[in-house]
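Biologist: I'm new to this one. Could you show it to me and let me ask how you know what you say?

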Amino acid sequence: MSKKLYTLIGRIMDVPVTELNDNSSPETIPSWDSFNSYLLLDELESEFQTEFSIDEVVETKNIADIKKHLKNHGIILDD
Amino acid sequence: MSNGKLSYFMNKSKSLKDRNFDKTIKIALLSSYTINGFYETLKVKMSEHQIGGNIYVGAYNQYNQEILKDDSELYNFKPNLTFLMIDTRTILGEIFYSPYSISAEERKKNIEKKFLELKNLINIFLNKSNSKLIITNLHVPTYSPYGLYETKTEYGFHSMISDFNKRLEVEFMKNDSVYIFNFNQFVSKYGNDNIFNIKQFLFGDIKISLDYIPFLADEFLNYILASLGLSKRCIVLDLDNTLWGGVVGEDGFDGIQLGSNPQGNAYVEFQKHLLALNQRGILLAINSKNNLEDALKVIDDHPNMILRRNNFSCLKINWSDKVSNMKEISQELNFGLDNFVFFDDDPVNREFMKSSLPQVHTVNLSKDPSQYSIILQNLKEFDTLKITKEDSERNQMYLEQQNRKELQNNVVDLDDFLKQLELKVSLKLANEFTIPRISQLTMKTNQFNLTTKRYQEEDIEKLAKDKDFFVGCAQVVDKFGDNGITSVYIINKQNKKEWIIDTFLLSCRVMGREIEKAILSHIISDAKNNDVDKIYANYIPTQKNKPIENFLSNCGFKHENDSWVIIPKDDFKLPDCIKLIEE
């Protein structure tokens with residue numbers, strides 16, 4: 001499932017999956033602008049069939065945060 | 001309804017190479033809200049239609065400034081088509097949230113004022129630009145602070161927005177430079193809960209959720225196609241299982257499905273929608289493998305038939321292949337192949353059309369006839385920016401043209417297409433599993449049937465046990481799926497040196513694919529291995545089996561007395577396109 005997450009982020013941000021890690025964020029990925037954040041959250045919601053609260057969206061600063069939120073939604077990401 | 005995710009179009013647009021397109025157009029997008037992703041989606045969708053060109057995206061919610069300023073980037077860009085996307089919240093401002101903080105009279109004045117502002121803006125644009133302008137009307141929310149009392153309220157929240165839309169429509173009704181896109185209906189179609197995503201709105205003033213931007217882009221694309229004159233003008237229809245259920249050549253006039261039951265009603269429903277398009281000037285034509293007489297009898301005399309002969313501008317009801325027929329229809333109606341939409345229930349015919357004539361829009365028809373009318377209504381290919389009186393008279397004009405032309409039969413080399421089908425013919429014996437179907441085929445098959453001998457199940461059982469007879473059948477599979485047992489052959493081997501083909505038939509479902517030759521080649525090689533000197537066959541003409549009157553002579557049989565004969569020791573070639581499997 002982790003692979004699925006990274007593939008999705010890589011596709012939306014248009015960066016190779018190998019360049020992504022837990023600390024990847026708008027600071028480290030130039031294409032991660034605000035619009036791509038919405039796009040990412042939208043696709044995460046449909047891919048993992050869940051919905052993030054507005055707090056979760058605001059608190060999401062990097063990939064580790066996304067994983068944390070997914071885990072809180074009961075979505076297990078095994079490597 | 002399916003469409004790609006927005007990110008698909010975002011990525012795809014990056015990989016679009018600079019190409020020279022036949023058609024180009026300059027599009028401007030102005031909006032009162034965030035439309036990121038729209039540019040990329042439209043670009044990709046245009047390229048899929050071989051349309052190139054530039055798209056200008058105005059700055060976020062700056063449409064007033066862009067239109068008012070003489071030398072704005074918008075005017076310097078010189079668009080051909082300009083889309084102005086406005087939304088209810090922006091136009092109404094605080095009234096959107098508090099419509100009942102003011103009186104009905106004040107609401108009316110407010111709408112009057114908002115409408116005049118927009119009308120003024122549009123007129124300024126029209127004075128400064130040669131572009132056509134497409135404006136989205138306002139979505140009427142389902143919510144009201146008055147709840148169920150809303151419809152009891154004079155000039156209420158919903159009425160005021162509807163009034164705004166109505167004024168917009170009436171004001172520009174006669175103006176060919178301004179079109180109103182019914183955004184309110186667009187929201188109805190897909191649902192407000194889908195189109196509007198509160199989080200996306202709160203975060204980024206996104207008023208059309210990201211998932212639905214591709215759908216709105218489709219709607220806008222229709223204006224682009226129409227303005228470039230790329231609308232389709234003629235629907236070409238198959239008959240059996242397309243305009244009616246069943247096969248008229250097999251099931252007969254009384255056996256086809258047309259009205260009277262749910263399946264039959266599906267075809268009537270489809271025909272009614274086709275008729276409406278015909279009445280507005282879309283031509284209809286027929287491209288069907290059938291006996292002309294059988295088909296015309298249904299078209300002329302069937303009580304539930306909606307479309308009659310004079311609704312069709314061109315009839316190609318014959319045994320030629322569908323691609324040749326399509327080319328002839330194009331010539332006779334005298335417009336290019338890219339003006340045609342093709343409906344056929346058979347995926348093989350559709351694939352043949354798509355691969356041979358990609359210019360023709362071949363519709364991906366559902367297997368389920370109940371969906372035909374829905375699929376037709378969802379086609380946007382007929383959209384034009386103008387419908388005239390002449391359009392509705394066009395049908396008659398082509399009808400006269402048609403009467404001057406004679407029916408012609410063309411033969412086209414189908415080898416390559418047949419090879420692509422990956423045909424497999426499995427030969428099977430008559431046994432408890434196959435006998436019911438063998439009997440059924442002998443009872444039902446009319447067109448490709450050399451002797452038209454009818455055999456009940458018991459008859460087949462008897463023949464299968466009889467040492468002097470051989471009963472075989474064939475299952476046909478191609479890359480699109482299994483056609484099932486679709487051929488039967490019965491050989492009279494009483495005379496060890498001279499076999500007689502008692503029965504040889506093929507279901508019309510698999511006609512025109514060389515299946516018959518593959519089976520014949522097997523019979524002939526079997527005879528050769530058994531030192532048979534001659535194989536006799538008969539063609540017994542009926543009203544229905546005319547399509548195969550030359551089959552035996554085409555396969556090398558020689559006429560001898562009242563019969564046809566072939567010598568097994570002469571080689572008979574198995575068609576290249578078919579893999580024969582003996583089970």
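This is a predicted model: local features need pLDDT of at least 70, side-chain atom pairs count only at pLDDT 80 or more; totals for chains, interfaces and linings use all residues.

Modeller: Happy to. Residues are numbered from 1 along each chain as its sequence is written, chains are lettered from A and ligands numbered from 1 in the order in which they are written, and side-chain values use heavy atoms, with hydrogens and water left out.

Biologist: What makes a space a cavity, and what makes it a pocket?

Modeller: On a 1 Å grid over the protein atoms alone, a cavity is a set of points where a 1.4 Å probe fits but cannot get out, whereas a pocket is an open set with protein on both sides within 12 Å along at least five of seven lines; lining residues have an atom within 4 Å of a point. Two cavities of 30 Å³ or more turn up here.

Biologist: How big is the largest cavity, and what is meant by its volume?

Modeller: Its volume is about 110 Å³. Grid points are joined across faces, edges and corners, and a volume is the space filled by probe spheres set on the points.

Biologist: Which residues line the largest cavity?

Modeller: From chain A there are Tyr38(A), Leu41(A), Asp42(A), Glu45(A) and Val57(A), and from chain B Asn197(B), Lys199(B), Gln200(B) and Phe203(B). Helix H2 (34-47) of chain A and helix H10 (198-204) of chain B each give at least two of the lining residues. Helices (H or I, at least four residues) and strands (E, at least two) are DSSP runs, numbered from the N terminus.

Biologist: How does the lining of the second largest cavity divide by class?

Modeller: Five nonpolar, one polar and two charged residues. Ala, Val, Leu, Ile, Met, Phe, Trp, Tyr, Cys and Pro count as nonpolar, Asp, Glu, Lys and Arg as charged, and the others, Gly among them, as polar. Phe470(B), Trp499(B) and His522(B) are among the lining residues, H22(B) gives the most, with three, and the volume is about 50 Å³.

Biologist: And the largest pocket: which residues lie nearest its centre?

Modeller: Those are His49(B), Leu221(B), Leu225(B), His361(B) and Glu381(B), out of 41 lining residues. The pocket holds about 1600 Å³ of space. H11(B) gives the most to this lining, with seven residues, and the classes come out as 15 nonpolar, 13 polar and 13 charged.

Biologist: Which domains does the lining of the largest pocket draw on?

Modeller: It takes at least three residues from each of domain 1 (6-227) and domain 2 (234-412) of chain B. Chain B also has domain 3 (421-582), and the centres of domain 1 and domain 3 of chain B, taken over C-alpha atoms, are 64 Å apart. The bounds come from an automatic or database domain assignment.

Biologist: Why is Leu168(B) called buried?

Modeller: Buried means under 20% relative accessible area, exposed over 50%, partly exposed in between (1.4 Å probe, protein chains only). Leu168(B) has 0%, so it is buried. This residue lies in helix H7 (residues 157-171) of chain B.

Biologist: And why does Tyr56(B) count as buried?

Modeller: Because its relative accessible area is 11%, Tyr56(B) is buried too. Tyr56(B) is found in strand E4 (residues 55-57) of chain B. Leaving aside neighbours within four places in sequence, its contacts (heavy atoms within 4.5 Å) include Ile27(B), Leu29(B) and Phe77(B).

Biologist: What makes a set of residues a nonpolar core?

Modeller: The members are buried Ala, Val, Leu, Ile, Met, Phe, Trp, Tyr and Cys residues, joined through side-chain atoms within 4.5 Å. The largest core has 63 residues, of which Ile27(B), Phe38(B), Leu42(B) and Ile224(B) touch the most other members. Helix H11 (residues 213-227) of chain B gives this core its largest share, ten residues. Apart from it lies another core, of 56 residues, including Val323(B) and Cys555(B).

Biologist: Which residues does Ile224(B) touch?

Modeller: Not counting residues up to four places away in sequence, Ile224(B) touches Ile25(B), Ile27(B), Leu42(B), Met46(B), Ile51(B), Leu81(B) and Phe83(B).
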